[in-house]
Amino acid sequence: MTAGTLRLTAAQAMVRHLAAQRVEGADGQPAPYFAGCWAIFGHGNVAGLGEALQASQDALPTYRAHNEQAMAHAAIAFAKQARRRRAMVCTTSIGPGATNMVTAAALAHVNRLPVLFLPGDVYATRRPDPVLQQIEDFGDGTVSANDCFRPVSRYFDRLTRPEQILDALPKAMAVLTDPAACGAVTLAFCQDVQAEAWDYPEDFFAPRLWRFRRPPADPFDLADLVVRIRAARRPLIIAGGGVLYAGAETLLADLAAATGVPVAETQAGKGALPWDHPSNLGAVGVTGTGVANAAASEADLVIGIGTRLQDFTTGSRALFRGAARTLVQVNVSAHDAAKQGAVGVVGDAGAVLAALAPLLAGWRVPAEWTQVLAAPARAWEEAWQAATAAPRGDAEALPTDAQVLGAVWRQVGEDAVVVCAAGGLPGELHKLWRVRRPGGYHVEYGYSCMGYEIAGGLGVKMAEPARDVHVVVGDGSYLMMNSEIATAVMLGLKLTITVLDNRGYGCINRLQRATGGAPFNNLLADARHAALPVIDFAAHAASLGAAARKVADIAGLEAALAEARSGTGVHVIVIDTDPAVSTAAGGAWWDVAVPEVSDRAAVRQARAAYDEKTKDQR
Ligand SMILES: Cc1ncc(C[n+]2csc(CCOP(=O)(O)OP(=O)(O)O)c2C)c(N)n1
Ligand SMILES: [Mg+2]
């Protein structure tokens, strides 16, 4: 062994290096960047990485899960809740264990969230080929199942030599901690290489502190933005996830208060302002509030801050239609800043807001704009009350999603975090949930991946153990991925999960109807069946170790939530809901292409309406 080196396997060296990566913790002291490693072992990681992780449990704890996609969701949710300041590692066997994580990689990629994937890979030497689970490409000897990760990883490498980690790991860290490039990093780790020894320089294992850059905007772009704001009659800020990842909520709140510029929030940006901040109009877009969308459609200057401008935000590009409106995109990523013909201001949301404050000192938004929005604001408040209020005691109808959310909102504490991802609930949450504290709203709506909810809730709880975590999930998402209830029980983590059972894919059934389609293959009753399933979700959850029960109505739900709040462990509360109803107030058009020819009159009518609406797109 050479002086100043350590002879370790590549897996041992990797684990030691990962454990030495530091960031500044909440108390200002260095804290580990990686909170732990999720692992499901098999051939391809048990002998190599498994041995290394076992020996380093104090420095990098290992967590066992039940499904690779789910554990990756937990890891990604952890990073989202930690505002990208910390992350987790996920390792799998080769083949199916690895490809089970591809969906989660795409989720991290879309949402720009850091996660390190270490799927096992086939032998670098190729001597025992084809090994169990090797896919074998007939035309390319270098392809393995892990190539599926390439388009959904911000950085991909295949480790075929032990010394490659000396470069691959710092590059991985650079991507994970970069505000613009952030996303999934995949290091496909050949299983023979994991076990191979090499003399690693000792300084490869020295603690390294990573700082998060906050690049300021170009002074010219900033000055131009100030001129535009001062000239605007009807400016509107759209706050996206970038505001939260930059930790810029207070800067935004202060600027909005000082200038009176109204603020609307995307799914990822929701909670950037407390719900009762005087400038907060709430959600914008397809699932927006009446008042935010009124502002969006009349604004002459729309300033996106830290938003990807996905179609739900822009109403499929038909919402921001004020005469001669200008779109400005403040974003740390030049890719996002250039979208949809925007005037780009490339920089960190916090840095830009801080720079704007003195340049806008003394300026206030024209009073006429505030007056224009007063009536829609009052109307929205009424709509909110009507949608979320508990139904009358004698009501016969099943509760709506909005009534369930109203009950959950009333019962959770100030500091609670609500978690969701897919189905009808994210739209209702976006419109109706009132975020009391920063980080209190965790909805994955970049990939809107069914099955994220419960595993995600687990990751959120690990990121912020002191906060109560409330998962709201549809029956469809629950059935797709519920395995990590057992993991949460095993780890002794407290989670409250409300399952809204509307007996099928309610939101897609509504979408199908709205596009002229016949009810088909979404609700259980409309799908081919020999017997209509009657699924006992409470019994199912109880079998995984949760304290589970079904409630009959909103009053029963509120009582069960109150009980769960003072309890420990995993609580699952099931309630039957109406699949047909969603909140009609607010909202905006969403471009979902309707068939141009059809035997169904309803489809032809929907197509005619669709053709009309597409004329608003710009
Ligand atoms: C993995 C995945 N598959 C399919 C979809 C498309 N999809 C979106 S919502 C939905 C139905 C969700 O059903 P449920 O969880 O019961 O919620 P509900 O619509 O009834 O509110 C489907 C199939 C998706 N978002 N994610
Ligand atoms: Mg459902």
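Helices (DSSP runs of H or I with at least four residues) and strands (runs of E with at least two) are numbered from the N terminus. The model described here is predicted, so local features need pLDDT of at least 70 and side-chain atom pairs count only at pLDDT 80 or more, while totals for chains, interfaces and linings use all residues. Residues are numbered from 1 along each chain as its sequence is written, chains are lettered from A and ligands numbered from 1 in the order in which they are written, and side-chain values use heavy atoms, with hydrogens and water left out.

**Pockets**

A pocket is found on a 1 Å grid over the protein atoms alone, as an open set of points with protein on both sides within 12 Å along at least five of seven lines, and its lining residues have an atom within 4 Å of a point. Grid points are joined across faces, edges and corners, and the volume is the space filled by probe spheres set on the points. In the classes used below, Ala, Val, Leu, Ile, Met, Phe, Trp, Tyr, Cys and Pro count as nonpolar, Asp, Glu, Lys and Arg as charged, and the others, Gly among them, as polar.

| Largest | about 1200 Å³ | 21 nonpolar, 18 polar and seven charged residues |

Of the 46 residues lining the largest pocket, F312, C507, R510, L511 and W590 are the closest to its centre. At least two lining residues come from each of α12 (311-314), α17 (425-432), α19, α21 and α24 (601-614), and the largest share, six residues, is supplied by α21.

The second largest pocket has 35 lining residues, with W275, H277, P278, N280 and L281 nearest its centre. Here α10 (249-259), β14 (280-283), α15 (367-388) and α17 each supply at least two residues of the lining, and α15 gives the largest share, eight residues.

**The magnesium site**

The magnesium ion (ligand 2) is coordinated at 2.0 to 2.1 Å by D475 (OD), N502 (OD1) and G504 (O), and the sequence spacing of these donor residues is D-x26-N-x1-G. Because D475 lies in helix α19 (residues 475-480) and G504 in the loop between β21 (495-501) and α21 (506-514), the pair ties together parts that are 29 residues apart in sequence. Donors are N, O and S atoms within 2.8 Å of the metal (3.2 Å for Na, K and Ca), and since water is not among the atoms, sites may look incomplete.

Buried means under 20% relative accessible area and exposed over 50%, with partly exposed in between (1.4 Å probe, protein chains only). On this scale D475 is buried, with a relative accessible area of 4%, and G504 is buried as well, at 9%.

Strand β6 (residues 87-92) is mostly covered, six of its six residues being buried. Both of its faces are covered, with A87, V89 and T91 on one side and M88, C90 and T92 on the other. Two strands pair if DSSP finds at least two bridges between them. Strand β4 (residues 34-39) pairs with β6 in the parallel sense over four bridges, and F34 stands opposite A87 in β6. Strand β7 (residues 115-121) also pairs with β6 in the parallel sense over four bridges, where T92 stands opposite P119 in β7.

**A buried asparagine**

N293 is found in helix α11 (residues 290-298) and counts as buried at 7% relative accessibility. The side chain of N293 reaches the backbone oxygen of G587 at 3.0 Å.

How values were computed. 1 Å grid on protein atoms, 1.4 Å probe; cavity = no way out; pocket = protein on both sides within 12 Å on 5 of 7 lines; lining within 4 Å. Polar contact = N/O pair within 3.5 Å; in protein donor to acceptor, adjacent residues only side chain to side chain.
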